[in-house]
Amino acid sequence: MDFQNRVGSKPGSGGVLGASESNVDRRERLRKLALETIDLAKDPYFMRNHLGSYECKLCLTLHTNEGSYLAHTQGKKHQTNLARRAAKEAKETGSTVPVPTTGQTTVHVRKNLIKIGRPGYKVTKLKDPVTRQFGFLFQIQYPEVGLDIVPRHRFMSAFEQHIEPPNKAFQYVIFAAEPYETIAFKVQSKEVDKNPNLFFTHWDKDSNQFSLQFFFKVDPNTNGTNNQYFHSRLAALGLSK
């Protein structure tokens with residue numbers, strides 16, 4: 001190979017390295033550095049086969065010498081497989097551990113809990129005798145709920161879910177508590193009255209029952225005797241604004 005007639009070279013010099021020669025030189029420097037800092041005897045994935053070559057048991061790759069194997073361990077493929085193996089082991093043990101990645105960030109594996117089915121429930125339709133408002137009482141039973149777990153709930157728009165075609169006339173009430181499956185109830189898409197005398201939640205630790213009661217607000221534009229009665233009763237109870 002003629003190194004003297006390359007662009008930028010001087011007579012008698014070795015010439016300017018091309019891209020392939022630069023990669024070879026870089027890999028050689030990485031190999032020497034790895035040999036000085038890494039003890040292959042402690043590497044669980046390093047193996048010498050009966051042919052005298054070396055194998056990576058994690059990536060199933062074949063290498064002619066130790067330097068080639070060490071250069072492989074610094075590559076993207078080996079680092080990605082290390083991250084996958086750590087994530088798999090963390091999932092099997094059910095713990096949360098940091099997973100090594102090729103970048104500077106650390107990925108945390110969420111503890112994987114096995115779902116044990118849907119909780120029992122009871123739904124009661126309500127009508128407040130004073131305000132004439134309609135509402136619901138949800139009673140959800142969690143007999144096998146996890147320790148220190150408090151059930152949660154939230155109201156979800158029909159456009160947030162992807163199970164049914166969105167219908168703006170309805171909304172969903174979501175209940176969740178580990179290790180039970182999350183359940184939802186479809187109700188009218190009306191504004192919920194958050195007045196503390198009408199809206200409340202309660203978690204009974206003795207019976208493991210979570211209760212949610214709420215009422216819908218009455219349309220202020222409603223005409224007739226019912227609307228007048230509604231406002232008069234609110235004023236009598238001190239609930240009007």
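Start by selecting Q161 and showing what surrounds it: leaving out residues up to four places away in sequence, Q161 touches M156, P166 and Y172. Contact here means heavy atoms within 4.5 Å. Keep in mind that this is a predicted model, where local features need pLDDT of at least 70, side-chain atom pairs count only at pLDDT 80 or more, and totals for chains, interfaces and linings use all residues. Residues are numbered from 1 along each chain as its sequence is written, and side-chain values use heavy atoms, with hydrogens and water left out.

Is Q161 buried or exposed? Q161 counts as buried because its relative accessibility is 9%; buried means under 20% relative accessible area, exposed over 50%, and partly exposed in between, using a 1.4 Å probe and protein chains only.

A polar atom of the Q161 side chain lies 2.9 Å from the backbone oxygen of A158. On the Q161 side chain you'll also find a polar atom 2.8 Å from the backbone nitrogen of E164.

Q161 sits in the loop between strand 8 (152-157) and strand 9 (170-176). Strands (E, at least two residues) and helices (H or I, at least four) are DSSP runs, numbered from the N terminus.

Next, follow strand 9 onward. A hairpin of six residues links strand 9 to strand 10. Strand 10 covers residues 183-188, and strands 9 and 10 pair in the antiparallel sense over six bridges. Two strands pair if DSSP finds at least two bridges between them.

Strand 2 (residues 54-56) runs antiparallel to strand 1, and three bridges join them. To see one of these, select R48 and its bridge partner in strand 2, Y54.

Last stop: show the whole chain.

Conventions: A polar contact is a pair of N or O atoms within 3.5 Å; within protein, one must be able to donate a hydrogen and the other to accept it, and residues adjacent in sequence count only if both atoms are side-chain atoms.
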